[in-house]
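Colleague: I'm new to this one, could you walk me through it?
Modeller: Gladly, let me put it up.
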Amino acid sequence: MAIEIRLLIFAVTTGLACVSVQASSILWPESVLVVTSNKNPVSTPDSLKSYIPQITLLNLDSVSQIETRLSKGLPANEKLATAEFHRRVEAIGKAKLEAELRSAYQAVGAAMAYRLDRYPAIIFDERLVVYGLTDLSQALEKYRQWRLGSVEVTIHE
């Protein structure tokens, strides 16, 4: 089931005021989903975690990082490579590796479900997306401005 995004904010990286922690709780999202890559890491200040109950960071490069970790430097001989691969999986632990892969593929699934067309993308309350910012505080300020009705939004259907 695809998630439909009703509102979309196109953010530009300009100087924004710092987020004030004394603002009304209605201006704080209940959840934040960050979809990004190694090229555009998003900073998430620890101070925000006490005001936003759920912050989820998803990295689109996680799958390739796992693949690289398992395959880097494998011998050319197929039997030796297979044996070394299985040794690496055992060293990590099957359960841990499966959990890492599930988490890694969450980023891909979220990008498809939200029909994201660029990164980084910060999704507030599963309905508002801020593109292009790598600082969660700045994206949160855009969200708060939208909640106050002072930011123009583009409908994305």
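Modeller: A word on terms: helices (H or I, at least four residues) and strands (E, at least two) are DSSP runs, numbered from the N terminus. This is a predicted model, where local features need pLDDT of at least 70, side-chain atom pairs count only at pLDDT 80 or more, and totals for chains, interfaces and linings use all residues. Residues are numbered from 1 along each chain as its sequence is written, and side-chain values use heavy atoms, with hydrogens and water left out.
Colleague: Okay, where is Ile 92 found?
Modeller: Ile 92 belongs to helix α2, which covers residues 78-92.
Colleague: Why does Ile 92 count as partly exposed?
Modeller: Because its relative accessibility is 21%, and buried means under 20% relative accessible area, exposed over 50%, and partly exposed in between (1.4 Å probe, protein chains only).
Colleague: And which residues does Ile 92 touch?
Modeller: Leaving out residues up to four places away in sequence, Ile 92 touches Arg 69, Leu 70, Leu 97 and Glu 100, where contact means heavy atoms within 4.5 Å. The C-alpha atoms of Ile 92 and Leu 70 are separated by 9.7 Å, with the two residues 22 apart along the chain.
Colleague: Switching to helices, at what angle do α1 and α3 cross?
Modeller: The axes of α1 (residues 62-71) and α3 cross at roughly 145° and come within 8 Å; axes are lines fitted to C-alpha atoms, for helices over the stretch in contact, and angles run from 0 to 180 degrees between N-to-C directions. Among the residues making this contact are Arg 69 and Leu 70 of α1 and Leu 97 and Glu 100 of α3.
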